[in-house]
Amino acid sequence: MNETILIVEDEQKLASLLHDYLKQANFFPCCLASGLEVLPWLRQHPVDLVLLDLMLPGRDGMEICKELRTFSNVPVIMLTARVEEIDRVLGLELGADDYICKPFSPREVVARVRAVLRRTAAGAQPQPQPNAGRGLELDELRFKATLNGRDLGLTAVEFKLLGYLAGNPGRIFSRDQLMSCIYPEQRIVNDRTIDSHIKKLRKKIAEAAPDEELVHSVYGVGYKFEKRGTAGR
Ligand code: CA
């Protein structure tokens with residue numbers, strides 16, 4: 001424990017409530033209220049996780065998250081005021097690790113913070129490469145997947161999806177299963193979100209290796225990973 005958590009929230013009451021709960025849960029919380037301060041501050045102060053409000057004065061959370069990802073893999077949990085925003089935020093692929101919709105209980109936030117930290121800590125351990133397809137390499141530390149030496153340019157979510165599927169070749173995963181792999185505590189994301197991530201993932205694989213289909217959709221059930229060159233079927 002004792003991880004440092006940066007709270008970026010302009011509603012002062014909410015910020016201090018989160019601060020108190022996180023402190024009580026043995027984290028080191030710090031608070032910023034303006035969007036403009038966040039990136040310069042984070043370049044100077046490494047933290048273990050960022051709770052990032054979407055609507056901020058100065059600079060909004062989406063822009064901040066996107067730019068943050070150009071220099072840091074720190075876990076980010078976005079705080080949004082409306083459920084509808086979550087789908088939009090997901091669609092933009094900002095590289096956030098989780099989303100919490102307001103109003104939330106501080107207790108829930110603490111639980112999500114713990115879950116995301118657990119997940120990212122597990123992801124950061126050097127792990128044996130999954131038994132992936134020919135020429136597929138997954139770099140868990142950098143969230144980077146290469147196929148036949150070519151970087152697939154995956155988002156964090158696409159990388160995790162590919163990791164789960166490739167770690168269990170031939171096994172069929174339902175959308176629900178994939179969803180709970182990726183958003184363990186998430187109850188809001190709908191399963192079309194998975195379809196849209198898979199679609200982009202398959203497109204990137206197809207661009208890197210047109211004759212290699214690795215992620216297959218199983219009609220009415222879900223998805224599976226299988227080495228199956230279109231030439232050798
Ligand atoms: Ca706000």
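Helix H2 (residues 35-44) has Gly35, Val38, Leu39 and Leu42 as its buried residues, where buried means under 20% relative accessible area, exposed over 50% and partly exposed in between, using a 1.4 Å probe and protein chains only. Looking down the axis of H2, those buried residues fall within an arc of 80°, so they line one face of the helix; the arc is that of the directions from the helix axis to the C-beta atoms. This is a predicted model, in which local features need pLDDT of at least 70 and side-chain atom pairs count only at pLDDT 80 or more, while totals for chains, interfaces and linings use all residues. Residues are numbered from 1 along each chain as its sequence is written, and side-chain values use heavy atoms, with hydrogens and water left out.

**Around helix H2**

- An α-helix has 3.6 residues a turn, so residues three or four places apart point the same way.
- Turned away from the buried side of H2 is a face with the exposed residues Leu36, Arg43 and Gln44.
- The buried residues of H2 pack against S1, S2, S3 and H3, with contact meaning heavy atoms within 4.5 Å.
- Pro46 sits in the loop between H2 and S3, and it is exposed, with a relative accessible area of 74%.
- In sequence Pro46 and Ser72 are 26 residues apart, and in space they are 9.3 Å apart, C-alpha to C-alpha.

**The chain as a whole**

- There are 8 helices and 11 strands in the chain; helices (H or I, at least four residues) and strands (E, at least two) are DSSP runs, numbered from the N terminus.
- Of the 233 residues in the chain, 48% are buried.
- Take the contacts in the chain with a separation of 6 or more: residues 24 or more positions apart account for 57% of them.

**The parallel sheet**

- Five strands build an open sheet, ordered S2-S1-S3-S4-S5, and the pairing is parallel.
- Strand S2 (28-32) and strand S5 (98-101) are at the edges, each with a single partner strand, so one side of each has no neighbour in the sheet.
- On average, neighbouring strands of this sheet are turned by 20° against each other, direction ignored; axes are lines fitted to C-alpha atoms, for helices over the stretch in contact, and angles run from 0 to 180 degrees between N-to-C directions.
- S1 and S2 pair in the parallel sense over 5 bridges, and two strands count as paired if DSSP finds at least two bridges between them.
- Thr4 has Phe28 in S2 as its bridge partner.
- H3 packs on this sheet, touching S3 and strand S4 (76-80), and the direction of H3 makes about 170° with that of S4.

**Thr80 and the cysteines**

- Thr80 belongs to strand S4 and counts as buried, at 0% relative accessibility.
- Leaving out residues up to four places away in sequence, Thr80 touches Leu54, Glu85, Ile86, Ile100, Cys101 and Lys102.
- Cys101 is itself buried, with a relative accessible area of 12%, and Cys65 is buried too, at 0%.
- Searching the whole structure turns up 0 disulfides, a disulfide being a pair of cysteine sulfur atoms within 2.5 Å.

**The calcium site**

- Asp10 (OD), Asp53 (OD) and Met55 (O) are the protein donors of the calcium ion, lying 2.1 to 2.3 Å from it.
- Donors are N, O and S atoms within 2.8 Å of the metal (3.2 Å for Na, K and Ca), and water is not among the atoms, so sites may look incomplete.
- Asp10 is partly exposed, with a relative accessible area of 35%, whereas Met55 counts as exposed at 55%.

- An open sheet of 3 strands runs in the order S6-S7-S8, with antiparallel pairing.
- Its edges are strand S6 (136-139) and strand S8 (150-151), each with a single partner strand, so one side of each is left without a neighbour in the sheet.
- Strand S7 (residues 144-147) pairs with S8 in the antiparallel sense over 2 bridges, and Leu147 stands opposite Arg150 in S8.
- Helix H6 (residues 156-167) lies across S6 and S7, running at about 120° to S6.
- Helix H7 (residues 175-182) has Leu178, Met179, Cys181 and Ile182 as its buried residues, and they cover an arc of only 160° around the axis, which puts them on the same side of H7.
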